Amino acid sequence: MSDHSYGFRPRRNQHQALIKLKEYVEDGYIYVVDIDLEKFFGRVNHDILMSRVARTIKDKGVLKLIRAYLNSGSLENGVVVKDKEGTPQGGPISPLLSNMMLHDLDMELERRGLRFVRFADDCNRYVKLPRAAERVMKGITEFIEKTLKLKVNQEESLVGR
C-alpha cells in the first residue's frame, strides 16, 4: 500500500492526511487537483476489481466468496437486482476493496512523482503551478477512465488554489 493512502488502513487516519496536506502547502504545492470519481462504489468493474484482489489473495475459496459478495445484488422495491458492477457501499469489506481497486492509481501517481493524499475514493494531488495542475487533471482523468474503467465526474472535479 502507498504511504499516501490514509483511509481504512491500520495506524492511519484523517489527521495524518491533513498533516501531510499541510506539509505540501508549506513546501509551495499550493494548487490542488481534486478528481471526483462518479458513483465510485456503484461503478467498480467486478473483473478489474477481482484481478486486483487476486494479486494479494491467493486462496480460491476467499476469492469465490468475494466474487459472490460482489454478485449478490441489491434489494430494490422488495426484489433482488443482480449487479454487474459496483460494490455494496457501506458493506463490511467495501473499504478494503476500494483500497485494492485504487492501488494502481496510487502507483501511477507515485510513478509520475506527484504529491498526493488519498482517503478511500477521495484523492487530492498537489502541484506548484496552475499549468501543471491542468496537465495532471487531464492525464490522471485519462488513466482513471481508460485503465480503471471508472467515470470521472467533470462537474465535481476541480483545479484550484
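User: In this predicted model, what does the bend at a residue mean, and where is the kink in α5?

Analyst: The bend is the angle between axes fitted to the seven residues ending at a residue and the seven starting there. In α5 the kink is about 40° and is centred on Leu-102.

User: How do you know that the span of helix α5 agrees with its number of residues?

Analyst: The expected span is 1.5 Å times one less than the number of residues. For the 18 residues of α5 (residues 94-111) that gives 26 Å, and the end C-alpha atoms are 26 Å apart, so the two agree.

User: What makes α5 largely enclosed by the rest of the structure?

Analyst: Of its 18 residues, 13 are buried, so the helix is largely enclosed.

User: Why is Glu-108 called buried, and why is Arg-112 called partly exposed?

Analyst: Buried means under 20% relative accessible area, and exposed means over 50%. Glu-108 has 11%, so it is buried. Arg-112 has 36%, which lies in between, so it counts as partly exposed.

User: Why is the contact between Arg-112 and Glu-108 called a salt bridge?

Analyst: The cut-off is 4 Å between a side-chain nitrogen of Lys or Arg and a carboxyl oxygen of Asp or Glu. The N to O distance here is 2.7 Å, so the pair qualifies.

User: What makes Arg-52 and Asp-104 a link between distant parts of the chain?

Analyst: Their closest N and O atoms are 2.8 Å apart, in a salt bridge. Arg-52 is in helix α3 (residues 46-56) and Asp-104 in helix α5, 52 residues apart. Both Arg-52 and Asp-104 are buried. Together with Arg-55 they are linked in a network of salt bridges.

Conventions: Residues numbered from 1 in each chain as written. Predicted model: local features only at pLDDT ≥ 70, side-chain atom pairs only at ≥ 80, totals over all residues. Heavy atoms only, no water. Helix = DSSP H or I, 4+ residues; strand = E, 2+ residues; numbered from the N terminus. Buried < 20%, exposed > 50% of the residue type's maximum accessible area, 1.4 Å probe, protein only.
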